[in-house]
Amino acid sequence: MKLPKAVHLARRRLVIVAAAVGAVATVLAFSSQAASARPDGPQASGGNGGTKPVIVLVHGAWADGSSWSGVIQRLQRDGFTVYAPPNPLRGLSGFASSDPAYLHDFLTQNAALAGRPVVLVGHSYGGAVITNAAVGDPEVKALVYVDAFIPDQGETLGGLLASVPGSCLGGNPTDIFNLVPYPGGPPGDVDTYIKPNLVPSCFASGLPARQAAVIAAAQRPLAASTLSEPSGTPAWKSVPSWAVIGTADRVIPPALLESMAKRAGAHITKVNAGHLSLIAKPGAVTAVIEKAAHATG
């Protein structure tokens, strides 16, 4: 007996629907298994009601995100979600989008960070960036400064460096930097590159010569105007902070690092390293970051 055409169509639709439901169920089951296996998911152990904080690492001038490689590996091994977004190195304020504004949008407009507590970490110039970027973001629960500037409102990085003698980047800029104009910037502004022959003894002091040579070749420039731009309202006045101080830092004198950290009320850890303690002593730096993370509960 021939079935009506409508019945054939109904059966076909049922087969299609059943297949679709089966596929959806398979995907949901797989997603559930994957979520339960993820160590950094919302139920991961840690503070803040069982949610482990996300770690956001901000590199400084003449560097990029790879400077955090040793720290990232250790944090990921310990079950943390880690991001190391690029720092544009264009300035704290002024034309177009400033570095703090770029980072603030990354923190507040990123769906992957929605509702997650954040430990914000800055190295060197990155310390000034996180000081400004964290303002107005309630999810930032801790600030960690690694050989970093911790400016107060109205202070400039150039002024801070001039306040304490001893920086290897002080002196005549043309003796220290290769200055290169860049398109789209303010009139007269230039990009600064540390002269390669100065990197091993200054910026990368204490690191093997071959490693220092790679750092010199791969450096990303900082806009010169950045050093004279005033910092804004500091987040460290309302957010707990930690500081790692390299006792052999030749870029930011240790006395300046310590005075800024004490002013901010930071928990201070000193390490026997130069300006790049995040590379020379990644285990010690990671330990401080994790202390800050555990304190956010």
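**View 1. Ser124, in the loop between strand 3 and helix 5**. Ser124 has a relative accessible area of 4% and is therefore buried (buried means under 20% relative accessible area, exposed over 50% and partly exposed in between, with a 1.4 Å probe and protein chains only). Leaving aside residues up to four places away in sequence, Ser124 touches Gly60, Val146, Asp147, Ala148, Phe149, Ile252 and His275, where contact means heavy atoms within 4.5 Å. The model is predicted, so that local features need pLDDT of at least 70 and side-chain atom pairs count only at pLDDT 80 or more, whereas totals for chains, interfaces and linings use all residues. Residues are numbered from 1 along each chain as its sequence is written, and side-chain values use heavy atoms, with hydrogens and water left out.

**View 2. Strand 3 and the strands that pair with it**. Strand 3 is mostly covered, with six of its six residues buried: Val118, Leu120 and Gly122 on one side, and Val119, Val121 and His123 on the other. Helices (H or I, at least four residues) and strands (E, at least two) are DSSP runs, numbered from the N terminus. Strand 1 runs parallel to strand 3 and is joined to it by five bridges, with Val58 opposite Gly122; two strands pair if DSSP finds at least two bridges between them. Strand 4 pairs with strand 3 in the parallel sense over six bridges, and Leu143 in strand 4 is the bridge partner of Leu120.

**View 3. Helix 5, residues 125–133**. Nine of the nine residues of helix 5 are buried, among them Tyr125, Val129, Ile130 and Asn132. The cover over these buried residues includes strand 1 (54–58), helix 4 (99–108), strand 3 (118–123), strand 4 (140–146), helix 6 (157–163) and strand 7 (222–223).

**View 4. The largest pocket, with about 290 Å³ of space**. Of its 22 lining residues, Trp62, Leu161, Leu169, Phe177 and Leu227 are the closest to the centre. A pocket, on a 1 Å grid over the protein atoms alone, is an open set of points where a 1.4 Å probe fits, with protein on both sides within 12 Å along at least five of seven lines, and lining residues have an atom within 4 Å of a point. The volume is the space filled by probe spheres set on the points, which are joined across faces, edges and corners. Helix 6 gives the most to this lining, with three residues.
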